[in-house]
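The sequence and coordinates are shown first, and the discussion follows.

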Amino acid sequence: MSIAIATLLASVLTAAAFAASVGGSALRVCSDPNNLPFSNTQREGFENRIADLLAHDLGATVKYTWWAQRRGFLRNTLEAGLCDVVIGYPSHADSVLTTAPYYRSTYVFVTRHASNLRIRSFDEPALRTMRIGVQLVGDDGANSPPAHALSRRGIIGNLVGYTVYGDYRTNSPPSSIIAAVARGDVDVAAVWGPLAGYFAARQSVALDLAPVRPQQDGPLPQAFDISMAVRKSDRARLDRLNAFLVQHRRDVDAILARYHVPRVDR
Amino acid sequence: MRSIVILLAMALLCIGCGRSQPSALGGSGGSATNTSGTPGQNPAPDDTGDWVRPAKDYASTRFSALDQITADSVKQLGVKGTFSTGFVRGHEAAPLVVNNTMYIVTPFPNVVYALDLTQPGAPVKWSYDPKPLAAAQGVACCDVVNRGMAYSNGAVFFNTLDGRTIALEAATGKEKWVATLADINKGETITMAPLVVKDKVLVGNSGGELGVRGWLTAVDANSGNIAWRAYHTGPDNDVLIGPRFKPFYKSDQGRDLGIHSWPGEAWKNGGAGAWGWISYDPALNLIYYGTSNPGPWNSEQRPGDNKWSTGLFARDADTGQAVWFYQFSPHDLWDYDGINEQILVDLPINGAMRKVLLRPERNGYLYVIDRTTGEVLSADPFVHITSTKGIDLNTGRPIENESLKPTMGTVVRDVCPAAPGGKDWQPSAYSPQTGFLYIPANNLCMDFEAVEANYIAGTPFVGANVRMYAGPGGNRGEFIAWDPVGRKKVWSIKESFPVWSGVVVTAGGVAFYGTMDGWFKAVNARTGEPLWRFKTGSGIISQPITYRGPDGKQYVAVLSGVGGWSGAIVAGELDARDATAALGFVNAMTDLPKASTKGGTLYIFGLP
């Protein structure tokens, strides 16, 4: 009798502890409030959709901690203990635990379909004279891989920088580089795939997307794996998220497809 | 000219001195007119004992004429008051003391407290909460710090992280005006302390990492309206470069260098903010201040000198028109912001008195510059330097160490000084009694990987690959007494952590500074002999001051509260296992969490 009670009590406690560790009634997600196609406060991004799916699987509801994805994002959200999961994070990062990758995308060349430029490679001679939009990140050597691939080839003076932070008053500030192609401010832009796919489909003129080549440009990769991330101490939660991603691979793929996320194989 | 300035200052001051002691205000005017004291001459002979701006006087000496606390009596110093600010991020500000009231501004959310020094326990007289936008924290690069306030003409002025300059009635805390100068939506924040010169409040922006276009703005002290704004990149008109502009060196001469020294349109988000210190010479009517690093392009993507980044402007205090410019680090490779303090003194150089400014620069050189022309008279290493091999005095340019040029995909090792420089923003002090400059210095080197090739737009920022560690000797900091005439180190004290606090030096012959593990120290200004120390509750990264209390006695005050770029590992609870966090600084600071916990507290010390 007493043994049975003890066992029952233990299992209740274990379940409660598990529920608490994985989220219980709340799945606490660290997310950018204004960063379509990834996320926004209206929950219109594909990371919002994936979070909903995950929450449903856990029998939880999503609770967001909103913070712009700039320097200090992790420090002030995940690592401050305000939330437990980052839905989209580079798989190679070493400051967090990351799940198995659930998609892989690439930087792409974006051009106006009508211009018929057919830019496919950083080695295209025409790039030397075109106006080329690139995404800018920060100083200390941190810039987007295409910007480095171009400067390696001496293509510098005709680059136009669009900071990925942009003007935060506008919706999804990083999208300005796609609008710049559509308007003809630049002839071509090299843009991270998910952003390019989503916003290219929303311009009034037809845009062409093509993965940049070479995909591995000397030391520079142009395609990256994306995972979910948790704190380094959060092994149990990581296991649970990995199980979710295996189980719901098709559902997650379907969400990415709906958002026109270009995906490439390893 | 000088007497006109004094009269004007006194006239302005008396508009608001109905209820306040004019003597305190006279102190600011008095010290303002004594920027050119020769060594041995007191720069503030009528020092009332107030402290009206972080750097004490317009010359930025941080020298106090108070002399009750001496090398002998300092040993009896004890705590006379404490005050918890209620916040735990890095506290970098200097308290102000005016008319027996002490003013403190905290890091974000930038709350201002006025403490009544006439009452037992210095109770809060009033407080003011500017309620800055929470999103500003996500824009600040390194910690959500604030470097202090300024008092002038019955008002206190300070900046908020979310880009506003605010004027409050000093007596009541009532808001006089709020000027929105910077836009966090574009990556701009404000962390610097404003300087008030005549009727203008001078403010610069932060955010070089986020692709802002740097500027210095003058705001009318009475109305809060913008009087002028000088950009630090772009066409001469925007930079306020006109007929008066006569830079000393050839490489700074030419039309629209703020465009032509950049590729394409890179100048449009070229960084070069102004988040450090401004000095003022009333006799020349010039202000002096430095610009930050160029950004956000990788150095290979911005061939050229990248004017007007990492350099020093002299401008007309009334119009903002540039008079000269000198660039410490043309085409900056190492994040050597040029925003440090400049101390205005007159010194005998090669037998003749020269009006100079002393600039202990981030690139590791102590510059002595003719402040009328911008000519570099000498530039000597005050820390271990490998990134350059000296300063060519004919061209003014550093001689680059070609073997350390960062090239893509390779790791460059043993770059000294590291990105925070031989010293960062933490301001030094100058004593006209000893003729020494007291420099709070870093001894840090770094391994630098020129390319963060893995950046993925739209995902959280993953820092660049910079790892910092102690330089030769193994100590990460040093407190240095430097003789700018003899061009040599006189004495120094090795410190385990970078010395990230400011300095105050007094006519009592004592220099005060703090350490990141919480010790507040007094040393003999002449010899460097340790005289006294006190362990505060948290690491010290702020600016100590000294003042005369209502009882006529001399006090010393300092804010304790570790954080900032160097202390982010404590204030931001970074993971010590991630060596590249806080732009690589965490690697050098893994033992700091054991040495200091966080928390902001004011300490007031006095004699029995």
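In which hand, left or right, does α2(A) pass α8(A) in their crossing? The model is a predicted one, and in it the crossing of α2(A) with α8(A) is right-handed.

**Helix packing in chain A**

Helix α2 (residues 46-58) and helix α8 (residues 249-258) of chain A have axes 9 Å apart and pack at an angle of about 160°. Angles over 145 degrees count as roughly antiparallel, and α2(A) and α8(A) are therefore roughly antiparallel to each other. On the side of α2(A), the residues that meet the partner helix are A:Phe46, A:Arg49, A:Ile50 and A:Leu53. Their counterparts in α8(A) are A:Asp251, A:Val252, A:Ile255 and A:Leu256.

Helix α5 (residues 176-183) of chain A has A:Ile177, A:Ile178 and A:Val181 as its buried residues. These residues lie on the same side of α5(A), because they cover an arc of only 100° around the axis. The cover over the buried residues of α5(A) includes the strands β7 (103-112), β8 (132-136), β9 (159-163), β10 (188-192) and β11 (207-211) of chain A, together with helix α6 (193-200) of chain A. Just after α5(A), A:Gly184 adopts a positive phi of about 90°.

**The two chains in outline**

**A four-stranded sheet in chain B**

Chain B contains an open sheet of four strands in the order β7-β8-β9-β10, paired in the antiparallel sense. At its edges are β7 (150-152) and β10 (175-180) of chain B, each of which pairs on one side only. From one strand to the next, the twist averages 20°. In general, the strands of a sheet pair through backbone hydrogen bonds, either parallel or antiparallel.

The pairing of β9 (residues 164-169) of chain B with β10(B) is antiparallel and runs over five bridges. Within this pair, B:Arg164 has B:Thr180 in β10(B) as its bridge partner, and B:Ala167 stands opposite B:Trp177 in β10(B). The hairpin of β9(B) and β10(B) has five residues between the strands, and B:Gly173 takes a positive phi near 80° there.

**The setting of B:Gly211**

Is B:Gly211 buried or exposed? B:Gly211 counts as buried, because it has 26 C-beta neighbours inside 10 Å, and the threshold for burial is 20 or more. B:Gly211 is placed in the loop between β12 (200-204) and β13 (215-220) of chain B.

Which residues does B:Gly211 touch, not counting residues up to four places away in sequence? In chain A, B:Gly211 touches A:Leu136, A:Thr163 and A:Tyr165. In chain B, B:Gly211 touches B:Gly187, B:Asn269, B:Gly295 and B:Pro296. B:Gly211 and B:Lys268 are 57 residues apart in sequence, and their C-alpha atoms are 8.3 Å apart in space.

Technical notes:
Residues are numbered from 1 along each chain as its sequence is written. Chains are lettered from A and ligands numbered from 1 in the order in which they are written. This is a predicted model: local features need pLDDT of at least 70, side-chain atom pairs count only at pLDDT 80 or more; totals for chains, interfaces and linings use all residues. Two strands pair if DSSP finds at least two bridges between them. Helices (H or I, at least four residues) and strands (E, at least two) are DSSP runs, numbered from the N terminus. Axes are lines fitted to C-alpha atoms, for helices over the stretch in contact, and angles run from 0 to 180 degrees between N-to-C directions. A residue is buried if 20 or more other C-beta atoms lie within 10 Å of its own, exposed if 12 or fewer, and partly exposed in between; C-beta atoms are placed from the backbone. The arc is that of the directions from the helix axis to the C-beta atoms. Two residues are in contact if their C-beta atoms, placed from the backbone, lie within 7 Å. Angles under 35 degrees count as roughly parallel, over 145 as roughly antiparallel, 65 to 115 as roughly perpendicular and the rest as oblique. A crossing is left-handed if the near helix is turned anticlockwise from the far one by less than a right angle, and right-handed if clockwise.
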